[in-house]
Amino acid sequence: MRAVFYMLAAFGVIGLAIWAYDQNQKTQTALSDVRDLRAEIRSLNEALDVQQAEWAYLNRPQRLRALAVLNFERLGLGPMEGRQFGQIEDVPYPQILAPTPEDTL
């Protein structure tokens, strides 16, 4: 009877060792994936920072003003003036009708 118990205990220990090894491998794979994703996020953030710097460089007021002057003939761009904006009274809002006694029924 002892031999059967020892054999079952040995198989149990071997099974647990295999399970622990499998869990360790899965954990190492997950950690490696996390490291790869963090590196990708860092590189994408750096690329985004570069693009934001390029956008800010291209949208400098001096550069845009020079482009507007250079292309005035073709685009007709000029400085903004107050008279180019409308008044709130110029907006055609729909009429709101008062409810009639028949609508309340």
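1. Read from one end of the sequence to the other, the protein follows the pattern α-α-α, and the count behind that pattern is three helices and zero strands. The radius of gyration of the protein is 37 Å, well over the 13 Å that the globule rule gives for 105 residues, so the chain is more spread out than a compact globule. Please keep in mind while reading that this is a predicted model.

2. The overall dimensions can be stated as a box: taken along the principal axes, the C-alpha atoms of the protein fill roughly 100 × 65 × 20 Å.

3. On burial and surface, buried residues make up 1% of the 105 residues in the protein, where buried means under 20% relative accessible area. The protein exposes about 10400 Å², and carbon and sulfur atoms supply 64% of that area.

4. A search of the whole structure for aromatic pairs finds one. The ring centres of F5 and Y6 are 6.1 Å apart and the ring planes meet at 50°, so the pair is tilted, given that planes under 30 degrees apart would count as stacked and planes over 60 as edge-to-face. Both F5 and Y6 are exposed.

5. A contact between a charge and a ring also deserves a look in the viewer: the charged end of R60 sits over the ring of Y57, at 4.2 Å from the centre of that ring.

6. Which segment holds I96? I96 lies in the segment after helix 3, the helix that covers 72–75. I96 has a relative accessibility of 80% and therefore counts as exposed, the cut-off for that class being over 50%. I96 and N71 are 25 residues apart along the chain, and their C-alpha atoms are separated by 46 Å.

Technical notes
Residues numbered from 1 in each chain as written. Predicted model: local features only at pLDDT ≥ 70, side-chain atom pairs only at ≥ 80, totals over all residues. Heavy atoms only, no water. Helix = DSSP H or I, 4+ residues; strand = E, 2+ residues; numbered from the N terminus. Rg over C-alpha atoms; globule rule 2.2 N^0.38 Å. Buried < 20%, exposed > 50% of the residue type's maximum accessible area, 1.4 Å probe, protein only. Areas by Shrake-Rupley, 256 points an atom, 1.4 Å probe, with all protein chains shown as cover. Phe/Tyr/Trp six-rings, centres within 6.5 Å; stacked < 30°, edge-to-face > 60°. Lys NZ or Arg CZ within 6 Å of the ring centre and 35° of its normal.
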